[in-house]
Amino acid sequence: MKYALIGCGRIATNHVKAVVNNGLEFVAACDIVPEKIEQLLAKHGLESDASIARYADYRAMLADHPDLDLVAIATESGKHAAIALECIDAGMNVIIEKPMAMSIADADEIIRRSEERHVVVSACHQNRFNVAVQKTREAVEKGRFGRLSHGSIHVRWNRNKDYYAQAPWRGTWAEDGGCLMNQCIHGIDLLRWMMGDEVEEVFGTTRQQFHDYLEAEDVGMAVVKFKNGAIGTIEGTTNVYPHNLEETLYLFGERGTVKVGGTSTNNIDAWDFADETEDDVANKGLEEETSNVYGNGHTSLYADVMEAIETGRKPYVDAVAGRNALEMVLAIYKSQKTGLPVKLPLDEFASVEMAGEFDA
C-alpha cells in the first residue's frame, strides 16, 4: 500500500512509527522546511532511503504520485481541511491529524466529498486505541455501567513559551486554536464517544490566563448535557506548573465507576463494577507504557485504516467522529463568545470567529 506524509513536525514521528510497524510502502514525505523531512527520517533510520521522495510542495507530490493509496496530513491545523479535500478529490484515502478542520463547514465538506468519492477518511484520534480506553469502551458497549449518571475529562498539561515559539501558527485562531482545540480535543473526543455521542447542549467558558502572547485560550471549562440524560464536564488547560500532570477520564454509572488516568488516558486508576469478574480484577491498576503524550495508538489506527481500505468498511475513527470532536470544541468557543448555552447540532461556526476574543 503506497503511502505519503504531509507535514514533518512534532507529531510526525508517531506517524512514521506506524508506517514502519504496519509495513506500508513509504513513497514520499513533504514539508515546507526540507530540513524537517531529513531530521524525521534520520530519527527512524530512513535518511539514506532514496525510495522516499522529498517534497516542499504537496501539490507537486500528489501530481507525481497519483497512485498513492493513503496520505497522512500532519501540518498545522488550519491547513488540514484544504489539503484533505485535494487528496480526496484525487481519489486518495486520508488520515487527518486532529482537529480534522477548523470549521463545521469544512468538516461537513470532507464528509460529503469522501462519501461521494468513496474514499476512506480517518480522524487521527489515536487515544481510542489505548488499552485502558478499549477496555472501558467494551464495558460501555456491554452495558456494564447501567444508566450513566455523569462523566468528565480533565486535561491538565503544561505548554510554555518555548513550545509556542517553535512554530508561529501555534495559538492562532486561523491555524490552531487554543488548548481545547489542540491539546484537549483527544480527551473531549473520548468523553463524547463514551457518553453516547448525542449531545443536547454545551455551556462553556474560556480564558487566556498566562499566555498573553497567543490569540487563543489557555484554559477552558464546560458542562455538557447529553440526550440520554447524563451530564458531562470538561476541563482543559496548558497552565499546569511545571509539567504535564494528567489526562483523566471519569465515567460514573449506576453499576460501575471507571477512572482512566495517566498522562494521556493510558492507565486504569479505578475500575469497579457490581458484577465483578476475574478480568475486572486484572484491569485494576493497568498501566500502558508510552514514549510520549501521544501514546501508542497511531500504529493501531493505521492498521485499522489499512483494513478499512482493503475491505471497503468504515474506519474505527471515521470523519464523523472527527466532526463530533471538533463540534464540541467549537460549541465551547461559541458559548464563550455569546455567553449562552449552545444547542447541538452546530450548523456553522469556525475558530476564526473567535478573533479578538482576548485582545483586551
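A residue counts as buried when its relative accessible area is under 20%. By this criterion Phe 273 is buried, because its relative accessible area is 7%. The model examined here is predicted.

**Aromatic pairs**

Across the whole structure, a search returns 11 aromatic pairs. One of them joins Phe 145 and Phe 273 in an edge-to-face arrangement. Phe 145 belongs to the loop between helix H6 (131-141) and strand E7 (148-156), while Phe 273 belongs to strand E13 (residues 267-273), so this pair ties together parts that are 128 residues apart in sequence. Phe 145 is buried, with a relative accessible area of 2%.

An edge-to-face pair is also formed by Trp 193 and Tyr 316. This pair, too, links distant parts of the chain: Trp 193 sits in helix H9 (residues 185-194) and Tyr 316 in the loop between helix H11 (297-311) and helix H12 (319-338), 123 residues apart. Trp 193 is buried at 7% relative accessibility, whereas Tyr 316 is partly exposed, with a relative accessible area of 31%.

The geometry of the two pairs is as follows.

| Pair | Centre to centre | Angle between the planes |
|---|---|---|
| Phe 145 and Phe 273 | 5.0 Å | 75 degrees |
| Trp 193 and Tyr 316 | 5.8 Å | 90 degrees |

Ring pairs also link Tyr 3, Phe 26 and Tyr 302 into a cluster.

**Charges over rings**

Trp 193, which pairs with Tyr 316, also has Arg 128 over its face, at 4.2 Å from the ring centre. Arg 170 lies over the face of Tyr 163, at 4.1 Å from the ring centre.

Methods:
Residues are numbered from 1 along each chain as its sequence is written. This is a predicted model: local features need pLDDT of at least 70, side-chain atom pairs count only at pLDDT 80 or more; totals for chains, interfaces and linings use all residues. Side-chain values use heavy atoms; hydrogens and water are left out. Rings of Phe, Tyr and Trp (its six-membered ring) pair if their centres lie within 6.5 Å; planes under 30 degrees apart count as stacked, over 60 as edge-to-face and the rest as tilted. Helices (H or I, at least four residues) and strands (E, at least two) are DSSP runs, numbered from the N terminus. Buried means under 20% relative accessible area, exposed over 50%, partly exposed in between (1.4 Å probe, protein chains only). A charge sits over a ring if NZ of Lys or CZ of Arg is within 6 Å of the ring centre and within 35 degrees of the ring normal.
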